[in-house]
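Visitor: I am new to this structure and would like a close look at one part of it. Could you take me through the disulfides and what surrounds them?

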Amino acid sequence: QAQLVESGGGSVQAGGSLRLSCAVSEYISSSCMGWFRQAPGKQREAVAKIYKGDGDTYYADSVKGRFTISQDSAKNTVYLQMDSLKPEDTAVYYCAADFVPRPACLADVSSQVFGYWGQGTQVTVSP
């Protein structure tokens, strides 16, 4: 039974845009939701996270000014708007959710603090 369902990945040329969505099951309680990505041969890295209580956000330096994370609390859904995409953004993108203390949610911490994960969606950016 899928608990985090992602959608919106695909292929795009550099400079293009994609929007990822992640619907989180009503049975999962969480304080923090976010997006991670993993490219071949690389470790999973945090891209963007949002603290549900106040909507405060964290972005990796590599995506600041290009990506925007948002939430729809009523739908328990988190989005990632990705603009000005670059070939180096190519990766499998994973949605994550869990009860994470606010300082950890808004910092570059290990993905291991998150216990709930989506299945991943491929994003490919061509030059």
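Which residue forms a disulfide with cysteine 22, and how far apart are their sulfur atoms?

Guide: Happy to show you around! Please keep in mind that this is a predicted model, in which local features need pLDDT of at least 70 and side-chain atom pairs count only at pLDDT 80 or more, while totals for chains, interfaces and linings use all residues. Residues are numbered from 1 along each chain as its sequence is written, and side-chain values use heavy atoms, leaving out hydrogens and water.

The partner of cysteine 22 is cysteine 95, and their sulfur atoms are 2.1 Å apart. A disulfide here is a pair of cysteine sulfur atoms within 2.5 Å. This pair links distant parts of the chain, 73 residues apart: cysteine 22 lies in strand E3 (residues 18-24) and cysteine 95 in strand E9 (residues 91-98). Helices (H or I, at least four residues) and strands (E, at least two) are DSSP runs, numbered from the N terminus. The link is left-handed, with -80° about the S-S bond. Cysteine 22 is buried, at a relative accessible area of 0%, and cysteine 95 is buried with 0% too. Buried means under 20% relative accessible area, exposed over 50%, and partly exposed in between (1.4 Å probe, protein chains only).

Valine 78 touches both of these cysteines, and its other contacts include Trp35, Ile50 and Ile69, not counting residues up to four places away in sequence. Contact means heavy atoms within 4.5 Å.

The whole structure holds two disulfides. In the other, cysteine 32 joins cysteine 105, with sulfur atoms 2.1 Å apart. The torsion about that S-S bond is about 80°, so this disulfide is right-handed. Cysteine 32 sits in strand E4 (residues 32-38) and cysteine 105 in helix H1 (residues 102-105), 73 residues apart. Both cysteine 32 and cysteine 105 are buried. With the bonded cysteines numbered in sequence order, the pairing reads 1-3, 2-4.

Let us stay with E4 for a moment. Six of its seven residues are buried. E4 pairs with E9 in the antiparallel sense over seven bridges, and glutamine 38 has valine 92 of E9 as its bridge partner. Two strands count as paired if DSSP finds at least two bridges between them. E4 also runs antiparallel to strand E5 (residues 45-51), joined by six bridges; there, arginine 37 is partnered with glutamate 45. Six residues lie between the strands of this hairpin, where glycine 41 takes a positive phi near 80°.
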